[in-house]
Amino acid sequence: ALDAEARTAVREVLVERSFARVGGTHSIPLTTRVVLCVEDAGDAAELAASVGGELLSIPPLRLRTEDLAPLAAELVAEQIGPAHTVVPESVAVLSGYTWPGNVRELKVVLARCALLATGENIAAADLRLLLASGAVGVEGRGAPLSDLEKLHIEAMLVRFHWHQGRTAEALGISTKTLYRKMREFGFRRPRKAKRTRVRPEG
């Protein structure tokens, strides 16, 4: 999310249809189509009116359950890999949940279930257990964003075997930011089991 200063800067660029590079004075025309996601309906309408843009309203995930199957398959392939599959029974479980955290919550749920999976399928039983436990949100109330972020980072660390460089790249953040997040959430890389050498007798 952008802070107030950044939002003001973006708004000015969209209104003026031009920008200048950092440290530069030359004005560069803006010829790119910009798509912004704004959660507050009032802010979205105000922004669209001020920049002469079009306002598109996307219903929450709970109102478009027909999108769950293709969206879940895409998210699993993107962040977990093609080895895991969302079976029809699991899609039925996903369709019965209200998703207060929207797509962000769905992404974290799928990543968490991949950690629990004993096979290649995202199991319906694992989904029921995870959603019922409130680990990523409970009925009618989403989990705090910090909790969702923690679960997602943990899942990505496990996926990349705690390789911080590859994990940071997959998350789209710097290794410095990832290290700070790991300290913030208390993550510690699992220690490898020590190998015991047995000397032959004789």
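Predicted model: local features only at pLDDT ≥ 70, side-chain atom pairs only at ≥ 80, totals over all residues.

**Salt bridges.** I began with Arg 64, which forms a salt bridge with Asp 67, their closest N and O atoms lying 3.4 Å apart. For this I take a salt bridge as a side-chain nitrogen of Lys or Arg within 4 Å of a carboxyl oxygen of Asp or Glu.

Residues are numbered from 1 along each chain as its sequence is written, and side-chain values use heavy atoms, with hydrogens and water left out.

Is Arg 64 buried or exposed? Arg 64 counts as buried, at 17% relative accessibility; Asp 67 is partly exposed, at 28%. My cut-offs: buried is under 20% relative accessible area, exposed is over 50%, and partly exposed is in between (1.4 Å probe, protein chains only).

How many salt bridges does a search of the whole structure find? It finds two. I also looked up Glu 184 and Lys 181, whose side chains meet in a salt bridge at 3.8 Å, N to O. Both lie in helix 9 (residues 175-185), three residues apart, which is about one turn of the helix. Helices here are DSSP runs of H or I, at least four residues, and strands are runs of E, at least two, numbered from the N terminus. Glu 184 is partly exposed at 47%, whereas Lys 181 is buried at 14%.

**Cores.** Next I checked the largest nonpolar core, which has 23 residues; Leu 94, Trp 99, Leu 106 and Ile 122 touch the most other members. A core means buried Ala, Val, Leu, Ile, Met, Phe, Trp, Tyr and Cys residues joined through side-chain atoms within 4.5 Å. Helix 3, helix 4 (88-95), helix 5 (102-116) and helix 6 (124-133) each supply at least two residues of this core. Apart from it I found another core, of eight residues, among them Ala 168, Met 182, Phe 185 and Phe 187.

**Ile 80.** I found Ile 80 in the loop between helix 3 (68-79) and strand 3 (85-86), and Ile 80 is buried at 16%. Not counting residues up to four places away in sequence, Ile 80 touches Leu 75, Leu 110, Ala 111, Ala 114 and Arg 159; contact means heavy atoms within 4.5 Å.
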